[in-house]
Amino acid sequence: MGDEKLYSVKWYKGRREFYRYTPKENPVMKMFSVPGVQVKRTASNESQVMLTNLNALSSGKYSCEVSAEAPSFHTMIVTGDLEVCEVPKHVPLIHGIRPRYRLGDIVRGNCSSAHSRPAANLTWYVNEMPANPSHIRNHKPFRDRNTDLETSAIGLHFVLSSHHFQLGKLKIRCTARIHDIYLQSTEKTISEERPHVISAASSSSNSNANSVNLINNNPYDQFSQLDNELDRKDYMTHLQGDMSSSASGSAPSVTRSVPSISSTRFLGAAEATGLLIVFHHLLKFGTISIT
């Protein structure tokens, strides 16, 4: 004010006056009804004004007009903007990002911050560094007509390479900010999924084990071994018979008896199979005839 005396202080929202302070009038303070503006009398004076119960209607352009007394009536007006924000009730949400990826996979995800005024500014961070702008997909905020609140969304899309993983881990963070009154973040940790390598020794061992299991599970293998043993016995019998006939000059007759199978008793599987093998070898060397 310098050497001049204060005549009045007036506050406006837009062009409408809502508060006046005049030291020489009674009362010195006067309030006028303006939507969205509620003055707290006990905290207001010639140099400041306090508003309470702010809402969406409180946002707007505010002006303070200071006037000096006569005879100069010098007047100065200063104007500023006031924005009333409604912050989100929840932290930003990250969608579509899996907990495990392999090198060369594509990371596709979205981050959203719902129901605020104005829409929150969203930022992606990869390993604590701002994401490459070419990997970001910006979306227009969605406004709810019923509440006039907005939901912001932002996408992330990039191909994983070895430099993304640090000790097999990758951190992705989404931060929501509204001016300097709201700041919240959500973070996801991605693990590197590596292909399983089977050693040659293990593979060979498994292959051998499988082969052994196949042999053991084959119901005819035990009879194949018996077949080989009978072949050797028959070979030795014929060899001895040939040697005897060459010494005596005449071929001996070999006679074998076969148990009767005319019985009505049912044979077990092992007995029946063994009996068939015996028939096979007797027929093979012509030592039995079936009538």
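**Salt bridges and an open sheet in a predicted model**

The side chains of Lys-24 and Glu-69 meet in a salt bridge, with 2.7 Å from N to O; a salt bridge is a side-chain nitrogen of Lys or Arg within 4 Å of a carboxyl oxygen of Asp or Glu. Lys-24 lies in the loop between β2 (16–21) and β3 (29–31) and Glu-69 in the loop between β4 (60–68) and β5 (75–82), so the pair ties together parts that are 45 residues apart in sequence. The model is predicted: local features need pLDDT of at least 70, and side-chain atom pairs count only at pLDDT 80 or more, whereas totals for chains, interfaces and linings use all residues. Residues are numbered from 1 along each chain as its sequence is written, and side-chain values use heavy atoms, leaving out hydrogens and water.

**Salt bridges**
- By the rule above, the count comes to 12 salt bridges.
- Lys-24 is exposed at 67% relative accessible area, while Glu-69 is buried at 15% (buried: under 20%; exposed: over 50%; partly exposed: in between; 1.4 Å probe, protein chains only).
- Arg-117 forms a salt bridge with Glu-86, their closest N and O atoms being 3.3 Å apart.
- Salt bridges that share partners join Glu-128, Arg-173 and Glu-187 into one network.

**The sheet**
- An open sheet of mixed pairing has 5 strands in the order β7-β15-β14-β9-β10 (strands are DSSP runs of E, at least two residues, numbered from the N terminus; two strands pair if DSSP finds at least two bridges between them).
- β7 (100–101) and β10 (129–130) stand at the edges with a single partner strand each, so one side of each is left without a neighbour in the sheet.
- Strands β9 (residues 121–126) and β14 (residues 169–178) run antiparallel and are joined by 6 bridges.

Conventions. Helix = DSSP H or I, 4+ residues; strand = E, 2+ residues; numbered from the N terminus.
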